[in-house]
Amino acid sequence: SNILNLMLRTDWKGNDLTTNALIDNNTAIKAAIIAKESGIVSGIDEISFFLKKNKLRIKLLKKDGEKVAANEKIAILYGNARKIFSMERTCLNVMQRMSGISTKTRLLAEIIGCNVRLAGTRKTILGPLEHKAITLGGGLSHRLGLYDSILIKSNGFVYTFINGCCAIII
């Protein structure tokens, strides 16, 4: 929620000029979050918490980690139109990034198969949210910090030791 609050403050800065000019303050709406492409849903828990904290209702139709088809509804939002329009871009940005990571991780994990596990590194934009997205896609959350794992780099490949096992990360 802190990450989403920061993103909203950066975008919104306390005023949404377009929404305030076009939408009456007392207008209530119902809005749907719809997948543009098939993939793995990720970030729905985070935006659900964020929206509820901001006094909007959300009905989840999909859960984090579930497959979604193109044009399938993921969630329905209910509440003040100004709030929904002001917060929707922040929510969609987080869900799009996390769902993209989960989807690509799942695709790569299926291609790799065998006993090799795909792992994400810690140098990310959304930090722990991206680690969660990798996990939802079937990968490993690796190295949240310098304190939790050994990492040895060599010529573009990374050899790492996770719970006594060696994984190759490219």
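## Stop one: Met-95

Select Met-95 and show what surrounds it: leaving out residues up to four places away in sequence, Met-95 touches Ile-33, Val-41, Ser-42, Gly-43, Ile-44, Ile-47, Ile-74 and Gly-100. Contact here means heavy atoms within 4.5 Å.

Before you click on, a word on what you're looking at. This is a predicted model, where local features need pLDDT of at least 70, side-chain atom pairs count only at pLDDT 80 or more, and totals for chains, interfaces and linings use all residues. Residues are numbered from 1 along each chain as its sequence is written, and side-chain values use heavy atoms, with hydrogens and water left out.

Ile-47 sits in helix α3 (helices are DSSP runs of H or I with at least four residues, strands are runs of E with at least two, and both are numbered from the N terminus). Is Ile-47 buried or exposed? Ile-47 is buried, at a relative accessible area of 0%. Buried means under 20% relative accessible area, exposed over 50%, and partly exposed in between, using a 1.4 Å probe and protein chains only. Draw a line between the C-alpha atoms of Ile-47 and Met-95: the two residues are 48 residues apart along the chain, yet the atoms are separated by 7.7 Å.

## Stop two: the cores

Next, select Ile-33, Ile-44, Ile-47, Leu-51, Ile-58, Ile-74 and Met-95, the residues with the most contacts inside the largest nonpolar core, which has 17 residues. α3 (44-53), β5 (73-80) and α4 (81-112) are the elements that give two or more residues to this core. Another core, of seven residues, lies apart from it, and includes Met-98, Ile-101, Leu-129 and Ala-133. A nonpolar core is a set of buried Ala, Val, Leu, Ile, Met, Phe, Trp, Tyr and Cys residues joined through side-chain atoms within 4.5 Å.

## Stop three: the largest pocket

(A pocket is an open set of points on a 1 Å grid over the protein atoms alone, where a 1.4 Å probe fits, with protein on both sides within 12 Å along at least five of seven lines; lining residues have an atom within 4 Å of a point.) Which element gives the most to the lining? That's α4, with twelve residues. The lining divides into 16 nonpolar, six polar and five charged residues (Ala, Val, Leu, Ile, Met, Phe, Trp, Tyr, Cys and Pro count as nonpolar, Asp, Glu, Lys and Arg as charged, and the others, Gly among them, as polar).

## Stop four: salt bridges

Side chains of opposite charge can pair when their charged atoms come close. A salt bridge puts a side-chain nitrogen of Lys or Arg within 4 Å of a carboxyl oxygen of Asp or Glu, and by this rule the count is five.

Zoom in on Lys-132, which is partly exposed at 25% relative accessibility. Lys-132 forms a salt bridge with Glu-46, with the closest N and O atoms 2.9 Å apart. Lys-132 is in helix α5 and Glu-46 in helix α3, so this pair ties together parts that are 86 residues apart in sequence. Lys-132 also forms a salt bridge with Asp-45, at 3.5 Å between the closest N and O atoms.

Glu-130 is in helix α5 and Arg-97 in helix α4, 33 residues apart. Glu-130 is buried at 3% relative accessibility, while Arg-97 is partly exposed at 36%.
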